[in-house]
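Here's a quick tour for anyone meeting this structure for the first time. Take a look at it, then read on.

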Protein chains: 2
Amino acid sequence: MGIEPLQDYSRLCIHTMTTRPWAVEEAVAKYVAAGVGGITIWREALEGRSPEAVGRMARDAGLTIVSLCRGGFFAHSREEARRQAIDENRRAIDEAAALETPLLVIVCGADPDQSLETSRKQIRDGLGAILPQAEEAGVRLGIEPLHPMYADDRSAITTLKQANDMCAELQSDLVGVIVDVYHLWWDPDLEGEIRRAGREGSLAAFHICDWKTPTTDLLLDRGLMGEGCIPIRTIRGWVEDNGFTGFHEVEIFSKTYWESDQDEFLRQIMAAYLNHS
Amino acid sequence: MGIEPLQDYSRLCIHTMTTRPWAVEEAVAKYVAAGVGGITIWREALEGRSPEAVGRMARDAGLTIVSLCRGGFFAHSREEARRQAIDENRRAIDEAAALETPLLVIVCGADPDQSLETSRKQIRDGLGAILPQAEEAGVRLGIEPLHPMYADDRSAITTLKQANDMCAELQSDLVGVIVDVYHLWWDPDLEGEIRRAGREGSLAAFHICDWKTPTTDLLLDRGLMGEGCIPIRTIRGWVEDNGFTGFHEVEIFSKTYWESDQDEFLRQIMAAYLNHS
């Protein structure tokens, strides 16, 4: 039962964006020294580097590369921008393959200049366009629904139900869904939709952090597990009771933490992970 | 068909909170001079005044008092706070009756120290506790679902479906639901749930404003109609096609607008109302 407290760090994964001030080389070294099991690498962290080399470095150090973050942003009112997004996603799949990570996180996109329905159609079309390449590369596309407060320009997919529907429509083992507690904790249908994703074999990843009261910034004020009101352990129980055996990925965007000492922050993450996840 | 542009101000209502710098007396005078048809009065605006006298003044000036804003906040981990909330709501019903307005807006409440399920149960219990008094006073309780970004400490009711369910459970003509486009525009089930509310005779009020990109504050950065991405006219079409014939209530909380000249802001509201609602 997932509801039991965690006992070790073997399934703890940290996103490079969580410790943003650290370059990926430093993040790898620090995570390994702390006993963290996995890393999710953001594309920004690969800049100026060979993804093959970064992948080798992380694996040689003992980390599992859980995913590459992030592709998507398929919805644009201008057709040219939609074409560019598809090209960019093709490069992201190549990078994921080079990193030898099995999963590319997809933040679907939205455009305030068009309806959500239009954005959703463009998202489906964009995913359909890149899916053959993903299948060939063996890289799974993980659809991550975002909190409704990002429905204007980040994601027209705001509930796990919508992600599950999109997944069902695309009918490929190489498409899955991502449960991020920050985006989904408020949804009364969450447990049922996690059950459905488990049944359909599409639970691809599990992201954790917390919702603080008050939250002072829409983007960069996420909390450490235990600092907020999200029932993280309960939701972990739901995903694990429905067959998820992957990593628990700590994804925190926080100006406050980024401005703090990152070694101390990493220690706080390790403690919060066992106590509140 | 509600989708036609509006031609006049007879169904325009403004919340006193929208022009917060104005005292209620000034707001009434200004709204009337501009040709606005209705006013929703916030309890803050009644402070130090007799609600009977304010109600008489607004009606004598020619305004319809659309609702009193707001009761609710039933969810608290401490029992004493729950009892106090019920007492406070009884006072709000008395004020609404004294104002002779038919509707009390209910912001349901939430407490980050307890689960959303517990908060929802307390909300239902709280509404049940005050309902007999509301029925006796002939004041309808309008359940307003809030945006999920307020699920931590303002409302455990975040979708129109939840509000409709709560309404169905309470089984009283004196309970209805409020559609505020700011809170609900992102929801893929919105049209269907508006249809259901129309069928059940529970569409009690319709609030408008806009969602700006970027939104820089979770509470006080609402936009004027047309400044953002909400399909206001489309949603108005849905409520009106499903039987709603009431006012279109402009409810904007905005530090920027509150710091601006309120006469100019009122002129902007009047123009935006016809052009974008």
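This is a predicted model: local features need pLDDT of at least 70, side-chain atom pairs count only at pLDDT 80 or more; totals for chains, interfaces and linings use all residues.

## A covered strand

Strand S7 (residues 203–208) of chain A is mostly covered, with six of its six residues buried (20 or more other C-beta atoms within 10 Å of a residue's own, C-beta atoms being placed from the backbone). Strands here are DSSP runs of E with at least two residues, and helices are runs of H or I with at least four, numbered from the N terminus.

## Its partners

S7(A) pairs in the parallel sense with strand S6 (residues 175–180) of chain A, over four bridges; pairing takes at least two DSSP bridges between two strands. Val179(A) sits opposite Phe206(A) in S7(A).

S7(A) also pairs with strand S8 (residues 248–250) of chain A, again parallel, over three bridges. There, His207(A) stands opposite Glu249(A) in S8(A). To get from S7(A) to S8(A), the chain goes through helix H8 (residues 232–241) of chain A, a right-handed β-α-β crossover (clockwise from the first strand over the helix to the second, with the strands pointing away from the viewer).

## Where the chains meet

The contact takes 20 residues from chain A and 20 residues from chain B, where contact means C-beta atoms, placed from the backbone, within 7 Å.

Residues are numbered from 1 along each chain as its sequence is written, with chains lettered from A and ligands numbered from 1 in the order written.

Chain A averages a pLDDT of 97, and 99% of the residues score at least 70; pLDDT is the predictor's confidence in each residue, from 0 to 100. The model scores ipTM 0.96 and pTM 0.97.

Note on methods. Two residues are in contact if their C-beta atoms, placed from the backbone, lie within 7 Å. A residue is buried if 20 or more other C-beta atoms lie within 10 Å of its own, exposed if 12 or fewer, and partly exposed in between; C-beta atoms are placed from the backbone.
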